Amino acid sequence: MRKVVQSHATEFALFVVIAIISIVLSFITDRFFSLGNAFDLLNTSSVNIIFAVGLLVVLIAGGIDISFAVAASVVQYVAALVLGWMGGGGWISGLLIAGALGVLLGAINAFLIHKFRIISIVATIATFNIYFGLLMFFTRGVSIYNLPDWLTSRVVLFEREMADGSWIEVTLPVLVMLICVVATWVFITRTTTGRQLYAFGDNPEGARRFGINIGAMQFIAFGWLGLMAGIGGLIQAHYAQEVVPNALYGRELDVLAAVVLGGARLGGGKGSVLGCVLGVLLISITQNGLNLAGVSPYAFKMIVGAIILVAITLSNTSIEKLLPFMRQVEGRK
Amino acid sequence: MTGRESAKGGQKPLLSLRNINMTFGGVKALKHVSFDVLPGDVHCLAGENGSGKSTLIKIITGVYRPQDGAVIEFDGQTYSHMSPVTAQNSGIQVIWQDLALFPEMTVAENITFQTLLGRWPRFVNYNGMREKAVKALARLGVTLDVDRPLKDYAIAQRQIVAIARALVGEAKLVFMDEPTASLTQSETDRLLDIVRTLSASGVAVVFVSHRLAEVLEISSRLTVLRDGALVGVYSTEGMTQSRITELMTGKTFDQTVRARDVSANPVVLEVEGLCRPGQFVDISFTVRRGETLGITGLLGAGRTELALSLFGMLKPWSGTVKLEGKPVHFASNRDAIAAGIAYLSEDRLSLGLIQPQSIADNLVIASLDKIAASGLLSDGRKRDLVAQWIADLGVKVGKQEDAISTLSGGNQQRIAIAKWLATDPKLLILDAPTVGVDVGARAGIFDIVAKLAQTGLAIILISDEVPEVYFNADRVLHMAKGRVVNQFLPADRSLAEIEAAVYA
């Protein structure tokens, strides 16, 4: 047990923080601690979790991406136009188109970073502005409400009324999110390419000496994030039942904060899917709880900021220091 | 080629290089070098920085391609040049000084990293990796928790992981680049045991080092390079370190005890009963004007922690420090610098100098107030100050604006010393000042130390190499496990006696 807690210190700390916040919120509001609300949370967090696991892969490979959220907006818009021009389409063609567009936009980032040796934060700030600028210029900020029916109609995969009277349902975004989460987990922990990404982020020079193809690593990492951004973009359009060009603008920083909160290291080599999911959930739970407690939405950002600071401090301070019973571990270093 | 030894008993060499030439931009890095390693041989490749050691390794491992006419024979095959892939596939492995490991990944992944390579994704076989890793470690007689991330282990164990990785790669020949540089004595002993095990199982090991004392005892042969040319191949039997130094530098160093009697000088620093539990206890000593006090002891004896406490970077729990008779308490090293204490860090590369910045900027960084005119930095003053120190310490530089990383280790160290001298210190603490400095350049550093002492500066010289303090300090403290266990004057004792006590 001790070993498990130690090797997953961040995830454990997040879990504890989530538990504490949940308990506090359940005292403040009577609706928070219901299954119905838990599933609500899952439904609303799906898009952010999809983005987060994509961004995680880039962070593990030692990069960072600011542009993925507006890239997702571009994908939404272009996909909606293409689907309209195709005369409808369906979920399969929709996901294929959105995924392919996302990979393309991610590959542009990787190309700039690898070919011209631009550090990823600078390259993606540039593409962030370019993507968003192009989108606003060509759309003149006009939203699309006239989406195909399959995209806007809610797909409920499971629903039931619980004993406590709350209504639970699992919708399509949750299923897509679960697939993305599992796929990312398998990719980064169970495949050789995923482990090469870790190694590359951890020690680029060491990876290079082993003959790992650095360019390929960049394309795979940013391509994966692009894929997730594309899928997430389409799912967000489905969830919102409209395409608003600036709907996702600013989402990148929320997701980045959640991923870093989940233990991913800016600089590479570190981060887990579980931590990443917990990071997103922690922020959603807080927002949801504050909402139910009737706190002004204007205070949300402030409180979420404070929680990020506290959680990061907790996970950086080694868990042994916080929990006395963990202390007598054989001393190393 | 004096001292050339024919291959022992007609044994066929595992690796044989002939007629290796290499030129970089008109500079001949290697001139007609030949090099032989026997199967199961433990071999030293010695030479100063720039002597061609690393170029030679890079040719053997296929990173560089030698000029035409080269003959490389390895394990019965003849090549005109190697490629990284052929070198690895035929069993040549290098353990680089920086180890090239992945700290966030597990021990098992690090050891069997080669199984993770390949262009197309495959599923990772963690159980297989674990088994392979345990087996490789067992061959070395070591057990580590292979599921822990590597960062949980200290440098000595990481080195073992790097060796285990070479074994998984079916190594027949392993190069170790400066393997003992960051190890304590007992860790070094363990490493040498492991090398013996390897050698007994038929793997040849080549040490590339300029710290040869430790590896000399287990290696059978020695190849010395100087200025890109082969000096000779020698049997290590009866070889002494000073003889190797002569071969490497082509100069003879007469090492004489420099100690002087300074007991009449006024006391600069007086330390009494200084404690920092877990690191050092009850430390008392004095340093006088013009005195060089040596502090020696094994890695982990508490020397560096003591120095950092004097420099205000660690807080002692109890005890007093008096500077020129007045008690001082430093809240930070800024206070210590202002009071006249300078500390040359043992880690010059990452802490002592800012590598990408210029020589001039590095030199003035601790004394910016001296080159400021009415609040703004004056380029003219900076230039003058830097020029003066460069001349005083005899640093060989091109331009002041060149990056510090373009200088050799010895010259970098001179700049680091100058940086502190520019603050006008009363007490200069030198922590391992010759780490990463060539043997030939070390004497130059100590000449500077002696000159500084003559001007009245009080100096604390910390080193884990006993000869350094023995020959260059006026008085030596021996620290072990956080305590001063002995104090002696170099003139009263022989070097061997003291080395025996310290390395015991």
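Two residues are taken to be in contact if their C-beta atoms, placed from the backbone, lie within 7 Å. The structure described here is a predicted model.

In chain B, helix α13 covers residues 379-393. At 1.5 Å a residue, the 15 residues of this helix should span 21 Å, and the end C-alpha atoms are 21 Å apart, which agrees. The buried residues in α13(B) are K382(B), V386(B), W389(B), I390(B) and L393(B). Seen down the helix axis, these buried residues fall within an arc of 100 degrees, so they line one face of α13(B). The face turned away from the buried side carries the exposed residues G380(B), D384(B), A387(B), Q388(B) and A391(B). The cover over the buried residues of α13(B) includes α12 (359-364), β18 (376-377), α14 (409-421) and α15 of chain B. Just after α13(B), G394(B) takes a positive phi of about 60 degrees.

The domain assignment divides chain B into domain 1 (12-91 + 204-252), domain 2 (265-340 + 425-504) and domain 3 (350-422). Between domain 2 of chain B and domain 3 of chain B, the C-alpha centres lie 25 Å apart. Contacts link 11 residues of domain 2 of chain B with nine residues of domain 3 of chain B. On the domain 2 side, the largest share, four residues, comes from helix α15 (residues 439-454) of chain B. By class, this side of domain 2 of chain B has eight nonpolar, two polar and one charged residues. Helix α15 of chain B is also among the elements that cover the buried residues of α13(B).

Chain B also holds an open sheet of four strands, with the order β12-β11-β14-β15 and antiparallel pairing. Its edge strands are β12 (280-288) and β15 (326-327) of chain B, each of which pairs on one side only. Strands of a sheet pair through backbone hydrogen bonds, either parallel or antiparallel. Strand β11 (residues 267-276) of chain B pairs with β12(B) in the antiparallel sense over six bridges. E270(B) has T286(B), in β12(B), as its bridge partner.

In chain A, helix α11 covers residues 214-240. The 27 residues of this helix should span 39 Å at 1.5 Å a residue, and the end C-alpha atoms are 38 Å apart, which agrees. Helix α11(A) is mostly covered, with 22 of its 27 residues buried. Just after α11(A), Q241(A) takes a positive phi of about 60 degrees.

Definitions and conventions
Residues are numbered from 1 along each chain as its sequence is written. Chains are lettered from A and ligands numbered from 1 in the order in which they are written. This is a predicted model: local features need pLDDT of at least 70, side-chain atom pairs count only at pLDDT 80 or more; totals for chains, interfaces and linings use all residues. Two strands pair if DSSP finds at least two bridges between them. Helices (H or I, at least four residues) and strands (E, at least two) are DSSP runs, numbered from the N terminus. Domain bounds come from an automatic or database domain assignment. Ala, Val, Leu, Ile, Met, Phe, Trp, Tyr, Cys and Pro count as nonpolar, Asp, Glu, Lys and Arg as charged, and the others, Gly among them, as polar. The expected span of a helix is 1.5 Å times one less than its number of residues. A residue is buried if 20 or more other C-beta atoms lie within 10 Å of its own, exposed if 12 or fewer, and partly exposed in between; C-beta atoms are placed from the backbone. The arc is that of the directions from the helix axis to the C-beta atoms.
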